[in-house]
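I opened the model to look up a few residues, a pocket and some strand pairings.

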Amino acid sequence: KAFSLVAILQTTLKTMRSETEIKTLILDTASKDDRIRAVLLNGSRANPNIQPDKFQDFDIVFILNDLNDFICDHNWIDVFGEKVIFQMPNQMTIGEQSKIGFSYLMLFKDGNRIDLTLFPVEKMETDFILDSLTIVWLDKDNLFSEVSSSTDIDYHTHRPTEKEFLDTCNEFWWVCTNVAKGLLRNEITYAKEMLERVVRPMFMKIVEWKNGSENNFSVSLGKAGKFINKYLSKSNYEKLLTTYSNHKIKNNWQ
């Protein structure tokens, strides 16, 4: 099964629509529909510090009139391609749901993914927050004429307050006792939950703040620290990797 999955993925990568094809499709769709007033690109594809690859999502925002016209019948998103799986977070019982816009998260048969957010133009002045990672693809009404060049500044590590730092350290050490208790009782799932869901986030905050202090708090480690190997020394990065263990009790103690 694993081999079959790899083969499918390899075949998919060969047949993926290009960035130009996806962009053209999105812009054609928006240009032909008077209800869509602007198209924005967010996320990694708008980040000048990231080396592009085929696995990047297209994080798209449609600024539009008549939101209800779009979400009363979801079949209109078929224009973007044949979907393998998709989500509509606003209609799900898990995760955070926006009360203003509406999102479609779509993974297509060719391997491309579009995360499309619909935002009503009438809420622009009161509720719209411009992400620093924004490239304007289409602007029919000059709503974004003063948008600056895209930058990841919104995602830079922020300097913690003294209390935030101390609280993080306290939470780390406090919940470490829960991990130890779980290991001593041979309750590995409990111990792993405490370790990975509570202790590790506190630990990673400290790592992030250390890196921020060494870089004048002007860099981003990326979502879930995915760029961390770019900023840590080789020895510290290797030490960090040793903190990940498997289900063996002795390895979790280590």
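Ground rules. I am working with a predicted model, in which local features need pLDDT of at least 70 and side-chain atom pairs count only at pLDDT 80 or more, while totals for chains, interfaces and linings use all residues. I number residues from 1 along each chain as its sequence is written, and side-chain values use heavy atoms, with hydrogens and water left out.

I looked up the largest pocket and found a volume of about 1600 Å³. Its lining has 48 residues, and the closest to the centre are Gly43, Asp59, Asp131, Tyr155 and Lys223. Two or more lining residues each come from β1 (36-42), β2 (58-64), β4 (102-108), β5 (113-120) and α6 (188-214). I sorted the lining into 21 nonpolar, 14 polar and 13 charged residues, with Gly counted as polar. A pocket here is an open set of points on a 1 Å grid over the protein atoms alone, where a 1.4 Å probe fits, with protein on both sides within 12 Å along at least five of seven lines; lining residues have an atom within 4 Å of a point. The volume is the space filled by probe spheres set on the points.

Strands. Helices (H or I, at least four residues) and strands (E, at least two) are DSSP runs, numbered from the N terminus. I take two strands as paired if DSSP finds at least two bridges between them. β2 and β5 run parallel and are joined by seven bridges; Phe62 stands opposite Leu118 of β5. With β4, β5 pairs in the antiparallel sense over six bridges, and Met106 has Ile114 in β5 as its bridge partner. The β4-β5 hairpin has four residues between its strands, and Gly111 in the turn shows a positive phi of about 100°. I also noted that six of the eight residues of β5 are buried, that is, under 20% relative accessible area with a 1.4 Å probe and protein chains only.

His156. I found His156 in the loop between β6 (135-139) and α5 (162-184). Its relative accessibility is 13%, so His156 counts as buried. Its side chain makes a polar contact (N or O atoms within 3.5 Å, one able to donate a hydrogen and the other to accept it) with that of Asp152 at 2.9 Å. Not counting residues up to four places away in sequence, His156 touches Phe217, Ser218, Val219 and Ser220, contact being heavy atoms within 4.5 Å.

Asn178. Asn178 lies in helix α5 and counts as buried because its relative accessibility is 18%. Leaving aside neighbours within four places in sequence, I list Tyr190 and Met194 as its contacts.

Notes. Buried < 20%, exposed > 50% of the residue type's maximum accessible area, 1.4 Å probe, protein only.
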